Amino acid sequence: MNYNKENEAKLQKSYMQEVRNLVEDTSKRLGRKLTYHVTTFGCQMNAHDSEKLKGILDEMGYMEKEGEDADFVIYNTCTVRENANLKVYGRLGRLHSYKKKNPDMIIGLCGCMMEEKDVVEKIKSSYGFVDIIFGTHNLFQFAGLTLKRLQENRMIIGFEDDDNSKIIEDLPSIRKYSFKSGVNIMYGCNNFCSYCIVPYVRGREFSREADDIIGEIKKLSRDGVKEIMLLGQNVNSYGKTLDNPVSFAELLRRVEEIDGIERIRFMTSHPKDLSDELIDVMASSKKICRHLHLPVQSGSSALLKKMNRHYTKESYLALAEKIKERIPDIALTTDIIVGFPGETDADFEDTLDVVGKVRYDSAFTFIYSKRTGTPAAGWESVPEDVVKNRFDRLLEKVQTIAAEKAMALEGRTMDVLVESINEHDNSLVTGRLSNNSTVHFGGDESLIGRIVPVVLKECKGFYYIGEKE
Ligand code: 5AD
Ligand code: SF4
């Protein structure tokens with residue numbers, strides 16, 4: 001196939017310029033700058049994609065605006081649970097009312113939900129006021145799609161390809177924080193956990209070349225970035241399919257060497273692929289944060305098998321134990337699904353047991369949501385009241401343990417990367433510890449982007465009130 005990334009990148013840049021000229025014309029006609037707003041649903045990967053959308057919008061001559069009554073509004077959607085989809089449909093009605101008042105308004109929908117055929121059909125038939133739709137594989141074509149919309153004045157749908165190897169990275173981006181950034185190391189997922197829609201919408205796993213990733217991080221470092229988050233659905237299987245395979249642990253070693261980068265995070269780890277080599281690299285690293293997100297999903301070996309997770313309760317517990325032994329100050333966090341089809345009381349007790357044994361620093365708990373097209377969608381569901389009751393019990397246990405774990409650090413002095421002025425009290429700043437906990441303490445704007453030692457004076461359950469040392 002005749003596809004050249006460099007040419008495609010150049011083409012997109014030329015589309016940006018063409019859109020910019022059209023935007024300037026409209027701007028003159030209206031006597032004001034045109035504005036944009038990007039609303040992000042879902043995970044870190046989407047948040048990172050939204051920074052690219054903003055970069056392209058900025059390049060196309062739009063100016064960011066707080067509210068959704070902008071000239072160009074984009075919803076970067078998520079579809080991992082049904083609720084996420086319902087939220088988008090709910091909010092589209094409001095966008096329509098803005099559009100009735102502003103005929104120049106453009107509404108764009110992108111992200112995982114748009115990779116579902118049924119969704120696109122529904123939008124075409126019931127939400128005809130939407131202007132542009134594209135999926136996760138086509139984000140880099142955003143400028144071209146916008147140009148087409150402006151020239152042809154009809155709904156534009158961009159799904160030419162779902163090949164993750166064709167994604168172009170060299171595009172503008174506007175970071176939410178100047179001092180930290182996400183970096184994609186791989187796209188897609190090959191695991192097909194039986195409840196999960198991600199492999200169907202995000203496509204097959206594809207790892208970027210290590211040299212490209214390192215090059216991007218060096219550039220970010222020169223641009224003032226201190227903390228990076230390596231992003232992938234399953235970072236532990238990074239690099240296995242490259243022509244010259246590179247393990248995730250090896251990639252981390254190379255990132256560690258980059259001057260200026262002070263903190264390294266990554267998301268998400270699958271327990272089945274977490275190697276001893278990775279634990280060793282983390283244990284000896286000065287930069288890799290003391291935080292590992294290790295989704296367990298369920299504590300029952302029988303259910304884990306049905307979920308297609310490729311580990312058991314015992315092997316997960318052994319892994320967690322090994323990690324804690326090798327890296328004693330690590331914060332372990334997790335994702336747990338309650339009410340997976342066929343979950344019995346005994347299965348649920350196993351989940352509570354794992355929570356009690358691992359003692360997570362925090363956990364995201366989800367009620368199972370049926371996703372059409374996944375194997376589990378056809379399996380018998382657990383009654384709603386039973387699920388609700390289990391969910392409440394789980395949450396209670398998770399929160400009690402998390403609060404106890406947080407309390408254990410009270411009084412200690414730890415490094416905080418300051419992120420922002422506190423939202424509620426502008427005499428305080430807000431930042432994060434290496435273990436990802438939030439700390440608020442007295443300070444001003446000059447601290448933003450700096451790593452400073454802070455005494456954790458008081459633990460408030462989920463966060464700390466501190467004092468600069
Ligand atoms: N229902 C509920 N939770 C789900 N997750 C993924 N698919 C589903 C589903 N169908 C959760 C998993 C995953 C997290 C990102 O979302 O816990 O780790
Ligand atoms: Fe979904 Fe499993 Fe892939 Fe995570 S590893 S994205 S839960 S299929």
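The following legends describe close-up views of a predicted model.

Figure 1. The shell around ligand 1 consists of Val80, Arg81, Tyr195, Gln297, Asp335, Ile337, Phe366, Ile367, Tyr368, Ser369 and Arg371. Classified by residue type, this shell comprises six nonpolar, two polar and three charged residues. Two strands, β13 (331–338) and β14 (362–367), each contribute at least two residues to the shell around ligand 1.

Figure 2. Arg81 places a polar side-chain atom 2.9 Å from an oxygen atom of ligand 1. The backbone of Tyr195 takes part as well, with an N or O atom 3.0 Å from a nitrogen atom of the ligand. A polar backbone atom of Ser369 lies 2.8 Å from a nitrogen atom of ligand 1. Considered alone, ligand 1 exposes 400 Å², of which the protein buries 86%.

Figure 3. The residues around ligand 2 are Cys189, Asn191, Phe192, Cys193, Tyr195, Cys196, Val198, Pro199, Gln233, His270 and Arg309. By class, seven residues of this shell are nonpolar, three are polar and one is charged. Tyr195, listed here around ligand 2, is also listed among the residues around ligand 1.

Figure 4. Phe192 belongs to the shell around ligand 2 and is located in the loop between β8 (186–187) and α6 (198–202). Although Phe192 is not a glycine, its phi is positive, at about 50 degrees. Most residues other than glycine have a negative phi.

**Figure 5. The cis peptide bond between Met267 and Thr268.** The peptide bond leading from Met267 to Thr268 is cis, and its omega is near 0 degrees. Most peptide bonds, by contrast, are trans. Thr268 itself is found in the loop that lies between β11 (263–267) and α9.

**Figure 6. Packing of helices α8 and α9.** The axes of α8 (residues 248–256) and α9 come within 8 Å and cross at roughly 20 degrees. Angles under 35 degrees count as roughly parallel, and the two helices α8 and α9 are therefore roughly parallel to each other. The crossing of α8 and α9 is left-handed.

**Figure 7. Packing of helices α9 and α11.** Helix α9 (residues 276–284) and helix α11 (residues 313–326) have axes that come within 10 Å and cross at roughly 25 degrees. Helices α9 and α11 are therefore also described as roughly parallel to each other. The crossing of α9 and α11 is right-handed, whereas that of α8 and α9 is left-handed.

Notes:
Residues numbered from 1 in each chain as written. Chains lettered and ligands numbered in written order. Predicted model: local features only at pLDDT ≥ 70, side-chain atom pairs only at ≥ 80, totals over all residues. Heavy atoms only, no water. Near = heavy atom within 4 Å. Polar contact = N/O pair within 3.5 Å; in protein donor to acceptor, adjacent residues only side chain to side chain. Areas by Shrake-Rupley, 256 points an atom, 1.4 Å probe, with all protein chains shown as cover. Helix = DSSP H or I, 4+ residues; strand = E, 2+ residues; numbered from the N terminus. Nonpolar A, V, L, I, M, F, W, Y, C, P; charged D, E, K, R; others polar. Axes fitted to C-alpha atoms, helices over the stretch in contact; angles between N-to-C directions. Parallel < 35°, antiparallel > 145°, perpendicular 65-115°, else oblique. Left-handed = near helix turned anticlockwise from the far one by under 90°.
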